Amino acid sequence: MAVPATTSHILLAQSLPPRLLHFFTRFPPTTTNQTTPPPTDPSRKTNPFTPFLNPRTQRWHGPHYSLRRQADLFKLAQEHGVLPLMPMSAKHPEEKLRKRVEHGLRVKGTGEGQRVKGKLWERTLGTRLEVRRKAMERMPDMIDLWKERGHGMGWKKFPKGKGKVGTGRENEVFKTENRAMWVYERAGSSL
Amino acid sequence: MAKKAKSRTIAVRLISMAMTGYYKTFSRPRTHRPLSMLKYDPVGKREYQIAVYNWANAEMLDTVKRQVLFLEQKRGGGK
């Protein structure tokens with residue numbers, strides 16, 4: 001049953017550009033403003049922005065409006081404030097926003113809840129700098145001990161690996177606690 | 001066949017104890033004690049620049065760029 005057009009509706013229709021008006025004439029909002037699966041009705045009175053399967057011939061037909069024309073219509077609809085009357089489409093601003101949130105800027109890892117994996121050196125940079133900082137903290141002690149031991153004459157422990165971080169061997173050569181112990185032992189022996 | 005005689009000197013690698021991965025190569029007599037010396041470690045500038053531009057937590061940085069202890073790397077069993 002047709003809804004009687006009110007004055008506001010008529011005014012709205014008169015304010016719309018011909019292109020949008022023609023669209024609403026062909027596909028009135030009351031029947032198209034809903035997300036529906038691909039239509040099976042041969043009269044194609046459902047969403048004109050989605051592909052259509054003809055139930056009789058079982059052949060698919062493209063949407064009434066190409067994606068380019070859909071985008072034009074949505075731009076016009078947004079300008080004239082009739083976006084809620086438009087059927088759902090991939091070009092609908094809400095849908096585009098949802099996809100932007102989901103996929104981010106189409107750069108892998110920039111979406112919501114995602115993170116950029118990064119190169120190996122980027123992922124390990126924090127750890128490496130931390131290990132280096134700790135090594136530099138104990139360096140004065142280490143050099144003192146090295147000098148006390150005759151500039152390496154009495155040095156016993158040498159690194160096994162290539163000094164790579166993450167091998168768990170960062171502390172095998174020297175620990176600040178060891179130095180304190182060594183000084184203590186030396187003092188004890190001289191007494 | 002007679003085994004080839006071992007050379008009198010060997011090439012050794014001295015590793016920076018600042019854990020930067022920087023090393024220097026020297027040769028020493030095979031029978032000499034392992035080498036150790038204070039040497040300049042130039043590492044730090046590049047990482048610092050990267051971190052300043054890319055990282056928010058730049059305060060955790062530590063450039064070396066000073067004299068640190070270098071110790072000879074232990075040699076493998078096959079050598």
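Two strands count as paired if DSSP finds at least two bridges between them. The legends below describe close-up views of a predicted model.

**View 1. Strands E1 and E4 of chain B form an antiparallel pair.** Strand E1 (residues 9-16) of chain B is joined to strand E4 (residues 66-72) of chain B over 3 bridges. Within this pair, Ile15(B) faces Leu71(B) of E4(B) across the strands. Strands of a sheet pair through backbone hydrogen bonds, in either the parallel or the antiparallel sense.

**View 2. Chain B contains an open sheet of 4 strands.** The strand order is E2-E1-E4-E3, and the pairing is antiparallel. Strand E2 (23-29) and strand E3 (36-41) of chain B are the edge strands; each has a single partner strand, so one side of each is left without a neighbour in the sheet. From one strand to the next, the twist averages 40°.

**View 3. Helix H6 of chain A lies across two strands of chain B.**

**View 4. The interface joins chain A and chain B.** Here 32 residues of chain A are in contact with 30 residues of chain B. The size of an interface is often given as the accessible area lost when the parts come together. Chain A and chain B bury about 2700 Å² between them, and carbon and sulfur atoms account for 70% of this area. Of the area that chain A buries against chain B, 25% is supplied by Arg132(A), Met136(A) and Phe158(A), more than by any other three residues. Between chain A and chain B, 2 residue pairs are in polar contact, with both residues at pLDDT 80 or more.

**View 5. Gln58(A) has a positive phi value.** The phi angle of Gln58(A) is near 60°, in a residue other than glycine. Gln58(A) is placed in the loop between strand E1 (52-54) and strand E2 (59-61) of chain A.

**View 6. His151(A) has a positive phi value.** For His151(A), a residue other than glycine, phi is near 50°. His151(A) belongs to the loop that connects H6 with helix H7 (176-190) of chain A. Its relative accessibility is 45%, so His151(A) counts as partly exposed, a class that lies between buried, under 20%, and exposed, over 50%.

Key
Residues are numbered from 1 along each chain as its sequence is written. Chains are lettered from A and ligands numbered from 1 in the order in which they are written. This is a predicted model: local features need pLDDT of at least 70, side-chain atom pairs count only at pLDDT 80 or more; totals for chains, interfaces and linings use all residues. Side-chain values use heavy atoms; hydrogens and water are left out. Axes are lines fitted to C-alpha atoms, for helices over the stretch in contact, and angles run from 0 to 180 degrees between N-to-C directions. Contact means heavy atoms within 4.5 Å. Buried means under 20% relative accessible area, exposed over 50%, partly exposed in between (1.4 Å probe, protein chains only). Buried area is the accessible area (1.4 Å probe) that two parts lose on being put together, summed over both. A polar contact is a pair of N or O atoms within 3.5 Å; within protein, one must be able to donate a hydrogen and the other to accept it, and residues adjacent in sequence count only if both atoms are side-chain atoms.
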